[in-house]
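Please keep the sequence and the coordinates at hand while reading.

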Amino acid sequence: MKMKFRKPVLFLLLVTVLAPIVLYTDTLASYFTPPSSRTEFIEDLSTFTLGGDVRPLNLLPQESSTLLKEPPGNVYSENSSLSLSNTSDTLSSEDARKARQLTEESMKHQAATGNSNDGIEVAMNGNRISQVTDSLHEPHQMDKTSLELVSAERSEGRATDTSSKKKTSPTDSSHTSDTTSAKTEIRQDQRTVQTSGRVVSGETAGGKGEEQNAQVVPPDARVRQLKDQLIRGKVYLSLSATRNNPHFIRELRLRIKEVQRALGEASKDSELPRNAYEKLKAMEQTLAKGKQIQDDCATIVKKLRAMLHSAEEQLRVHKKQTLYLTHLTAKTLPKGLHCLPLRLSTEYFRLNSSQQRFPNQENLEDPKLYHYALFSDNILAAAVVINSTVSHAKDPSKHVFHIVTDRLNYAAMRMWFLANPPQHATVDVQNVEEFTWLNSSYSPVLKQLASQSMIDYYFRSRADSDPNVKFRNPKYLSIMNHLRFYLPEIFPKLDKVLFLDDDIVVQKDLSGLWSLDLKGKVIGVVETCGESFHRFDRYLNFSNPLISKHFDPRACGWAFGMNIFDLNEWRRQNITEVYHSWQNLNHDRQLWKLGTLPPGLITFWKRTYTLDRSWHVLGLGYNPNVSQKDIQRAAVIHYNGNLKPWLEISIPKFRDYWSKFVDYDQVFLRECNINKLAGT
C-alpha cells in the first residue's frame, strides 16, 4: 500500500516544486506577459515627445502614428527587470545569447579587477539597447528632455537595484540571475547614454551658438506673423479657385478685417491687444481651408511675384512723391514764422528814430573784436544762432554780430534784437538792398539769377518730376545765398570773420578760432569726405574738360556753415575774381548745378585750412544716426538738410538742442502761436 501511494505523492511533490520554476522560465513568462509590457521599454526609448509631437529615433523602424503612444514620465519602472527579460524573446535568440555571455564575462572581469568601466565597455558592443542610445550621437536628437529622462532613469534604477537585492532569496536563484543580468544591462545602457551625451556635447560645442540662434524666437514674431497672414489672405482673395467659393471668401474677408483691427498700428508684440492670438489662430484655420481649395503652388508663387512687383512700383512712386513734398515743406514758411515778421515790422515802425538804433555801434569796425557774419531772412533762426553763441562765450562783450537780411525782413529783424538784445554783445542789422556796389554789372551770378532761363528753371511746372529736385530751390534766386563770396567788400575794415549759417547751434566758446594760424590759407573748414558723396565728383561735372583738368574727383569736400575767413589773404589772392571767372564759365550750368557749395569748392581749391572735426558736426537736418557722442563734443552742430529744427518734419531727437535757446514765452511768439514742437 505504501508503495502504491509513494509514486502519486512523489509525482505531486514533483509537480508542486517544479511547476513554479517552469512557470517562471523565459518562454512561459513571455507567453503570459501582456504585449504592452513586453514592448514598453522599447517604445519608451524609441520615441520622445518634443513640443507635443511624437518623434521616432533614427535607428529604429518608424511605426505608424496610430500605434505610438505617449511615453511614460518614468522610463525605468519597478517591473522593468521583468519587461527587459521578456523583451529578449522579441529579439533573436542568438543576440540574446551573446548579450548574456558578454554580461557574464564583464561581471567576472569586474570582480577580478574592481573596475566597472571595463565591463561597461564590453557590454556596449553587444547590447541591442546600446544601439538605440547610440542614435543620440545625432545632434538634432539630443535635447534637454532626453537628458532629463536618462537622469531620472539612473536615480530610479539605483533605488530599484537596492530593493531587489534586499528581496532576493536562495529559492529565487534563477529569477535573481536573470533580473541581475537585466539590471546590469540597463545600468550599462544608462552610462552609455551618459557617455554619448558627453560625446554629443563635445562634438556640437562648435555649433552650439548656431543651434541657439536657430531656436531663439525673433523679436515681435507675432506682429510679423499677422502681417504675413494678411499677405496670404490677399493672395487667396485674388485666386480664381477661391473666388468661386463665396462662403470661403466671406469668411476670409471677415478674418482679414479682424486681423487688421488687431494689428492696427502695432510694431511690437507688446502693443497688440489681448485677443490678437485668438484672431491669429482663427485666421490660420481659414487660410488652411484656402490651401485645401487652391493647392497649386505655381499659381500662388505667380501671384506673389505680381504682388511684389506692384508693391515695388508703388514704393518707387511714393518715395518720389515724399522727396518732392519734403522739399516743398522745407521751403514753405510756417504760419507762425510768417506772422512773426509782420508783427515785428508793425512794432518797429511805431518807434522813433532814436529808438531804432543799436547800442555800441563803435565796435562794428574794430578788428580786435570777434566778428560774425550771418546772412538770413529767418528771424527765429538768427536769434538762436546769436543766443547760443553768446551763452557759451567767455566774454560776450567782445563778440560782434553782423546780420544781413533782405528788404522784406529788415525792419522785423531789427525790431527783434532791439526788443531782445543779446547780453553785452553787439548786434547790427543791414539791408542787402543798401549794397549799391552789388549789381549785375559787377556780379555774374546776379546777372544769371535775373535771366528768364534761370527763372523758368525754378518755376516751370515740371519741376516736381526732375530727378534733381533738390537743386530746384527758389532760395538760389536770392543774392542772400551768395553773399559769402563778397565778405571783403561787405567788411572792408576787418581782418577775420567767422561765417555762420542760420541753421546752426553753438555749444562752446568760439573765440579760439580767431587766434588760429591758417598758414596762408584763406578759409578754415571741417572736411566731410568720410563718405563717397562728400567728394568733389559728387558736386562737379568731371565729364567736362574744364573740371577734369583742374580738380581731383576724389578730393575731400567740406561744408559751409561754420568757416573762419582770413580777409587779408582773401584780398591778397584776389579770391572774388576767381569766383567771378568760374561763374562766367558756368553760365549754362554745365560745370555744376546751382548752389553755393560747388563754386565754393572750386573757388577755394587748395586754399583751405583743415579744422578739427569737433569744431563742426553736420547732418542733423537729414541723418537721424548722427552720434550723440559727436554732438556732445561738437562746438557747432549744423542742421544742414531739409529737416530744419523749426519745422514739424524735423528729427525729434535733435529738436531740443535748438529749441532750448528759444524763449517761447516771448510776447511776439505767443501772439503768433509759435510753440515748442511736440517731441522735444
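A polar atom in the side chain of Asn387 lies 3.3 Å from the backbone oxygen of Phe661; a polar contact is a pair of N or O atoms within 3.5 Å, where within protein one must be able to donate a hydrogen and the other to accept it, and residues adjacent in sequence count only if both atoms are side-chain atoms. This is a predicted model, in which local features need pLDDT of at least 70 and side-chain atom pairs count only at pLDDT 80 or more, while totals for chains, interfaces and linings use all residues. Residues are numbered from 1 along each chain as its sequence is written, and side-chain values use heavy atoms, with hydrogens and water left out.

Asn387 belongs to helix 18, which spans residues 379-392; helices (H or I, at least four residues) and strands (E, at least two) are DSSP runs, numbered from the N terminus. Its relative accessible area is 30%, so Asn387 is partly exposed; buried means under 20% relative accessible area, exposed over 50%, and partly exposed in between, with a 1.4 Å probe and protein chains only. The C-alpha atoms of Asn387 and Lys660 are 10.0 Å apart in space, although 273 residues separate the two in sequence.

Helix 18 also takes part in covering helix 29. Within helix 29 (residues 652-659), the buried residues are Phe654, Arg655, Tyr657, Trp658 and Ser659. The cover over these buried residues includes helix 18 and helix 28 (628-633), together with strand 7 and strand 12 (636-638).

Asp503 sits in the loop between strand 6 (496-500) and strand 7 (504-506). Because its relative accessibility is 6%, Asp503 counts as buried. Its side chain makes a polar contact of 2.8 Å with the side chain of His638. With neighbours within four places in sequence set aside, Asp503 is in contact (heavy atoms within 4.5 Å) with Ile637, His638, Tyr639, Asn640, Lys644 and Trp646.

Another loop residue is Gly557, placed between helix 24 (545-550) and strand 9 (562-566). Why does Gly557 count as buried? Gly557 counts as buried because its relative accessibility is 0%. Not counting residues up to four places away in sequence, Gly557 touches Glu527, Thr528, Cys529, His534, Arg535, Phe536 and Leu601. Glu527 is 30 residues from Gly557 in sequence, and their C-alpha atoms are 5.8 Å apart in space.

Glu251 counts as buried because its relative accessibility is 14%. Apart from neighbours within four places in sequence, Glu251 has contacts with Thr286 and Lys289.

Most residues other than glycine have a negative phi. Asn360, which is not a glycine, has a positive phi of about 60°. This residue lies in the loop between helix 17 (335-348) and strand 3 (370-375), and with a relative accessible area of 34% Asn360 is partly exposed. Asn673 likewise is not a glycine and has a positive phi, here of about 55°. The segment after helix 30 (667-671) holds Asn673, which is exposed, with a relative accessible area of 61%.

At the other end of the numbering, Val9 lies in helix 1 (residues 2-23). Val9 counts as partly exposed because its relative accessibility is 44%.

For the chain as a whole, the secondary structure comes to 30 helices and twelve strands. Of the 680 residues in the chain, 43% are buried. Among contacts between residues at least 6 apart in sequence, 76% join residues at least 24 apart.

How far may the coordinates be trusted? The chain has a mean pLDDT of 76, and 66% of its residues reach 70 or more; pLDDT is the predictor's confidence in each residue, from 0 to 100. Over residues 28-92 the pLDDT stays under 50, and the model has 87 contacts beyond four places in sequence for this stretch. Residues 189-211 also have pLDDT below 50, with 31 contacts in the model beyond near neighbours in sequence. Where pLDDT is low, the predicted coordinates should not be read in detail.
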